[in-house]
Amino acid sequence: MVREHRNNAWVVRTGYCGQQEKSCIERDFISFDLNLHIMDLFGNELMEMKHQPQNYKKYLHFGDKYRDFDKRFRKEFEDALKNVDHSKDRPEMIRKMKSLNSKLQKFDDEVKQFDATMHEFDEFEKVEQMKKALLARISTPPVDMLEIWAKDMLHFVNGIRIYDLIVIPLMCDRQVAIGRVRDNYKYREGKGVLSHSRKMDWHDTRVPFENMFPGFEEILESPFSVTLLEGDDREFVKGIVVDETF
């Protein structure tokens, strides 16, 4: 699931031949290993999907109601604080303030859960849309790869954003390169590995596989070519990057 955007970090496998990895670094771009001839079947459709409004936004009227409640609640809270007597003779008022604060925290948690649920729903719909497109274009797609391809394509086109961090494994050297996305997804017909790509600024540091976070090599064994990093793994990658180098 792609969280609310705050400079996400991704592992993107660009291929196993070595040449494609080298091209990404030398020419400052990123692509990914999804049998690119399959991607070429969907160039225009992927661009259309890139510019589609997020489906979950049709539910944002619920979000508007939440924000309206939040605004009114915070005003009530601030007004109540102005009249609080912090002396020992007014413990009831202090208790009410604690109760208000508890309600506000609960509300904030509900909003975060609402946002996460809408992101999950949006991704589910888009993956199903991409699976239908794959079935329509490829007569006998491997069923076990259908969802994997759909999610990889969706994440590369829609999930990754400008300023996100990208980790690409340099398989021949058993090192990773890390860079920052500096442009939106582009489709350019007939450009080979550059047909489906994003421009990058690459960090100077190369990190050996064994110095990456625990579980990194398990990601390399995953069938997915585009993997969102979360929690400590994301923070590990952020810790490698020194913003001044970009």
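Glu-26 and Lys-22 form a salt bridge, with 3.9 Å between the closest N and O atoms. The model is a predicted one, and its salt bridges number six. The protein chain has an average pLDDT of 76, with 68% of the residues scoring at least 70.

**Salt bridges**
- Glu-26 and Lys-22 both belong to helix H1 (residues 19-27), where they sit four residues apart, about one turn of the helix.
- Glu-26 is exposed at 55% relative accessibility, while Lys-22 is partly exposed at 46%.
- Glu-147 pairs with Lys-151 in a salt bridge whose closest N and O atoms are 3.4 Å apart.
- These two residues, Glu-147 and Lys-151, lie four residues apart in helix H6 (residues 143-159), about one helical turn.
- Glu-147 is partly exposed, at 33%, and Lys-151 is partly exposed as well, at 23%.
- Lys-186 forms a salt bridge with Asp-183, with the closest N and O atoms 2.6 Å apart.
- Lys-186 is partly exposed, at 34%, whereas Asp-183 is buried, at 17%.

**Helix H8**
- Arg-234, Val-237 and Ile-240 are buried in helix H8 (residues 231-240).
- Viewed down the H8 axis, the buried residues fall within an arc of 120°, so they line one face of the helix.
- Asp-232 and Gly-239 are exposed on the other side of H8.
- The buried residues of H8 pack against strands S1, S3 (165-170), S4 (175-181), S6 (196-208) and S7 (226-229).

**Confidence**
- Mean confidence is highest in strand S1 (residues 9-12), at 95, and lowest in helix H2 (residues 36-39), at 53.
- Where pLDDT is low, the predicted coordinates should not be read in detail.

Key:
Residues are numbered from 1 along each chain as its sequence is written. This is a predicted model: local features need pLDDT of at least 70, side-chain atom pairs count only at pLDDT 80 or more; totals for chains, interfaces and linings use all residues. Side-chain values use heavy atoms; hydrogens and water are left out. pLDDT is the predictor's confidence in each residue, from 0 to 100. Buried means under 20% relative accessible area, exposed over 50%, partly exposed in between (1.4 Å probe, protein chains only). The arc is that of the directions from the helix axis to the C-beta atoms. Contact means heavy atoms within 4.5 Å. A salt bridge is a side-chain nitrogen of Lys or Arg within 4 Å of a carboxyl oxygen of Asp or Glu.
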